[in-house]
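Me: Please take a close look at one part of this structure. I would like the ligand site, contact by contact.

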Amino acid sequence: MAARKAAPKASAKPNVSADELMNYYREMLLIRRFEEKAGQLYGMGLIGGFCHLYIGQEAVVVGLEAAAEEGDKRVTSYRDHGHMLACGMDPKGVMAELTGREGGYSKGKGGSMHMFSKEKHFYGGHGIVAAQVPIGAGLAFADKYKENGRVTFTYFGDGAANQGQVYETYNMAELWDLPVVFVIENNQYAMGTSVKRSTKSPSLWERGAAYGIPGEEVDGMDVLAVKEAGQRAVEHCRAGKGPYILEVKTYRYRGHSMSDPAKYRTREEVQKMREERDPIENVRQLLLTGKHASEDDLKAIDKEIKEVVNEAAEFSKESPEPALEELWTDIYATEVPQEA
Ligand SMILES: Cc1ncc(C[n+]2csc(CCOP(=O)(O)OP(=O)(O)O)c2C)c(N)n1
Ligand SMILES: [Mg+2]
């Protein structure tokens, strides 16, 4: 099947209810405030190891989660806090994992890059660039085998898109018509290498054509455009037509991880994105101009969300470090989990 051209962008006056807009606003703001707090805790020495913030990319996961149904799965890279919050994982459990505490999703043994939730069908959190891509196809294979109608969202970056295992996965996923949405979060940089320096062909989604996988480019700073594209992708997968690729054009405001020399782009470039394209500010403007909320309403929401995040930070400080015996648990699976 031939890949098709990018879909038109969402209209300026979107056909969306006030409640829906408000939900997107809250969900994106929760990710932003959570990540700001994680950055602070890192600065205070409370988070060890690596920590990759998602600030700027919030519309990607929030838009795609709006296209997901109960039971759909997701798997992603190390830049994973936003994905966990957007699929409904508890901010307390995520923050406590970041600080390496017993109350964390991996009992404090996994840290920022290695968290999982069977309940929310979140399969990690993977530190090896692109390793999650074949895992995503494997999850989709299981669903196809079980004929349960579920779809797997497999997220990876523009840097990961140059890894060989992505293309082995594309081939098998299309060959077996697996229900997997490949989401390329193109934030324009790998660690410090811009897409322009690493990639000859400017369009990453079009590579799917070589394998017969359709796809499209999406404006990742526009949550409504992401949701619409997500719905097209999910519909394709659920209809049994195999995988679909979404190349979501986004931007990260912070460094690659907490140590980043920031020499590969200008401050002005980052500032321009923040001022002109911020995904949360875009929805804020839609809420205000549509008279769905007042400045005061939005301030109250921000306050509420900051409280949720502060509680998560408190919980993560109070939760004890895992006991030494925990070193010997959760290493091997002794039985295959049975899941619907
Ligand atoms: C196989 C492998 N090679 C290199 C690294 C080091 N590394 C970690 S993140 C990264 C950049 C990946 O960039 P991208 O896929 O665009 O994701 P982003 O960080 O922008 O979300 C690299 C090279 C790694 N973790 N794994
Ligand atoms: Mg990138």
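This is a predicted model: local features need pLDDT of at least 70, side-chain atom pairs count only at pLDDT 80 or more; totals for chains, interfaces and linings use all residues.

Reply: Start with the surroundings of ligand 1. Its shell holds 15 residues. Tyr78, Arg79, Gly159, Ala160 and Asn187 are the closest. Sorted by class, seven of the shell residues are nonpolar, six are polar and two are charged. The space that ligand 1 takes up is the largest pocket.

The side chain of Arg79 places an N or O atom 2.8 Å from an oxygen atom of ligand 1. Asn187 also contributes through its side chain: an N or O atom there is 2.9 Å from an oxygen atom of the ligand. Val129 uses its backbone instead, with an N or O atom 3.1 Å from a nitrogen atom of ligand 1. On its own, ligand 1 has 580 Å² of accessible area, and the protein covers 72% of that.

Next, the metal. Ligand 2 is a magnesium ion. Its protein donors are Asp158 (OD), Asn187 (OD1) and Tyr189 (O), at 2.1 to 2.3 Å. Their sequence spacing reads D-x28-N-x1-Y. Asp158 and Asn187 link distant parts of the chain, 29 residues apart. Asp158 sits in the loop between β2 (152-157) and α6 (164-175). Asn187 sits in the loop between β3 (180-186) and α7 (195-198).

Methods
Residues are numbered from 1 along each chain as its sequence is written. Chains are lettered from A and ligands numbered from 1 in the order in which they are written. Side-chain values use heavy atoms; hydrogens and water are left out. A residue is near a molecule or strand if one of its heavy atoms lies within 4 Å of it. A polar contact is a pair of N or O atoms within 3.5 Å; within protein, one must be able to donate a hydrogen and the other to accept it, and residues adjacent in sequence count only if both atoms are side-chain atoms. Accessible areas come from the Shrake-Rupley method with a 1.4 Å probe; for residues, only the protein chains shown count as cover. On a 1 Å grid over the protein atoms alone, a cavity is a set of points where a 1.4 Å probe fits but cannot get out, and a pocket is an open set with protein on both sides within 12 Å along at least five of seven lines; lining residues have an atom within 4 Å of a point. A molecule sits in a cavity or pocket if more than half of its atoms lie within 2 Å of its grid points. Ala, Val, Leu, Ile, Met, Phe, Trp, Tyr, Cys and Pro count as nonpolar, Asp, Glu, Lys and Arg as charged, and the others, Gly among them, as polar. Donors are N, O and S atoms within 2.8 Å of the metal (3.2 Å for Na, K and Ca); water is not among the atoms, so sites may look incomplete. Helices (H or I, at least four residues) and strands (E, at least two) are DSSP runs, numbered from the N terminus.
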